[in-house]
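Dear colleague,

Please find below the structure that I am handing over to you. My findings follow it.

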Amino acid sequence: MRGPRGAGPGAEVAGFVDDFRAFVAGTLADAPAPGPETVYDDEHPLWEKFRAAGLANWWLPARHGGPGVPLRVSVDLIAELSYHDPGFAFAAMLPILGSRMLEFYGTAEVADRYLGEMAKGGTFCAALGSEVVAGSELALTATTFRREGDHLVVDGEKAFSTNLAFGRFCLALARNAEDHRDFSVVLVPADTPGFEPGPRWLMSGLHGTGTYPATFTNCVVPAANELSGNGLRVLEVGLNGSRILMAAIAIGIARRARDLSMEYAGNKQLGGRPLTQNAVFAARMGQLEMELESLKSVCWRAADEYDALYAREDAAAAFHGQGVLKSAVMAKMHCGQTGWRIVSAVSEGFGGLGYTEAHPVQRLLRDMRHISLVEGGDDVLRELTYGRYVRHASRRG
Amino acid sequence: MTISSGEIVADLHELSDQLDLDLEEVEVSGASSLENDLGMDSLNLMDFLVFLEKKYRVKISDEHLNDVETISDIVHVLNEISPAAAGPTGDAAA
C-alpha cells in the first residue's frame, strides 16, 4: 500500500493486494487498449481473468463472501488499474455504488442472496438514478413504484447506467406513485419481465465501459426488494464510495501522463540537449508532481473518513444521517479539475503530436474528463457544497 | 388537541442525527427559520415532512408549504389540517 496514512491492511488484505498487483503487471499492462466497441462485460476475456483471480468486487465484506478490502486500499488499487486502463478501472469499481446501498439498506436475506452471488461469481450490478427530464434534480424523479400486497410495481425510464445490460440486478431510484415525497431505491433482478435496457451510449472516453438507458414497464418485484430509508439519501450514500474511487482514477491517469512525458522527453532533443534537461520542461513536471500529490491526498483523506464510518456498528445509520460525505465530493471535484489541468498541460508538451487522434495523451484527456461530469457534474456539486457547507457558518470548513 | 411548537422542536431534536442537523449550539424555538437557523436543505425538509406526515397522520400539500419558513409556520399548517388538532391555530409561543 502506498502512502503514509492509514493503519495498513491486515495479512489477508495484503495478500489480496499482491494478487491484484500481479494481475495489473502480468495481464492488464500487456492487454490491448480498448476501442469504442469494447465492453468489459462478464464475458470479456480480460474480465474473466480478473474474476478468475478472485479480484472482482473486492470491497464486498467477508460476511457476504468478499475480501473486504477497505476504501483506503481501494484508492491505490484503482490508481494502478487506471494507469493502464481507466475504462476497466471504472467498470470494475462502479458496482460499489449499488452494492453498498444494498449492503446497508437491504433486508439481510436479499443482501445475502445478491451480494453473495456477486462475491462468488464476480458479477456486476448497476444503479439507476439519472433521468432525462429530472437531470441533476433527483427530487424530480419521475420513475414510480407502487405497493401492491407483497409486491412492488416499477414504471419509468432511466437515462444512464453503466454495467446495466449485463448486471445481474439493478437498483433504481423511484418515487411512490401515491406520495410524491416518498422515494425508495428498489432492487430489480435483470430477468424481471418489463425491465429493458436500451441501446448502449457511445462515450467520448472511458472505452470499455458499457452505459445504457433503461425502461421499466409494470416490473413486478417482491416487496422485500425495497431498500429501507429515504431513497434520495440512500443513493447519496451509495455515491460516496464510487465518487472517491472515481476521483482515484485521476491518480492513475495523471501518473500515466507524467510517464509519457518523461519517455518522450528522454528521446527528444531541444537546442542540442535532451528535453529532460530543459528548465521549462523541468518546471512543468515539478508542477505536475505537486498536483499529483494533491490528488492522492484528497482521495486518501476521503477514503479514511469513509472507512472510519464504515467500521462503526451503526454504519448504515451514520451514513444515512450524513448522506453526502463532504470529503468525497471534494475529492471528486478536486481530482476532476486538477487532473484535467495536468493532462491538458502534458498534451501541450507534445505539440501537434498531442492533438493527433492516435496519441495516448488524447485518450488520457478524454478519459480524465469524465471525473468532472459523471455522478454529479461540477456545477451541481458546487451548488450542493454551497448549500450544505458554506451557507451556514457552523458547517464551514 | 393542539400541536405545539414545543412538540415540533422535540421532534427536531429527536431527528437531528437522522437529518444531519447540527442543533447543539442552536436555540430552537417557534421563530426559528428552517433554512437560515436550522440549516435545512430541501432533502432535510423532505425527510422532516415525511416524518410529520406519519406521526400526525396528515398529508401536507405543496400549497401548504408555500408560506412555510419557520417552525411556527409548520405548527400552523399541522393544526389546520390535522384531525387530531382541536383548534385551527398553533401555539407558536410554546
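Predicted model: local features only at pLDDT ≥ 70, side-chain atom pairs only at ≥ 80, totals over all residues.

Residues are numbered from 1 along each chain as written, chains are lettered from A and ligands numbered from 1 in written order, and side-chain values use heavy atoms, without hydrogens and water.

Helix α7 (residues 231–267) of chain A and helix α2 (residues 42–56) of chain B have axes that come within 10 Å and cross at roughly 135°. Axes are lines fitted to C-alpha atoms, for helices over the stretch in contact, with angles from 0 to 180 degrees between N-to-C directions. Helices are DSSP runs (H or I, at least four residues), numbered from the N terminus. The pair α7(A) and α2(B) is therefore oblique, a class left over after roughly parallel (under 35 degrees), roughly antiparallel (over 145) and roughly perpendicular (65 to 115). In contact (heavy atoms within 4.5 Å), Leu232(A), Arg233(A) and Glu236(A) meet residues of α2(B) including Leu43(B) and Asp47(B).

Kind regards

Definitions and conventions:
Helix = DSSP H or I, 4+ residues; strand = E, 2+ residues; numbered from the N terminus.
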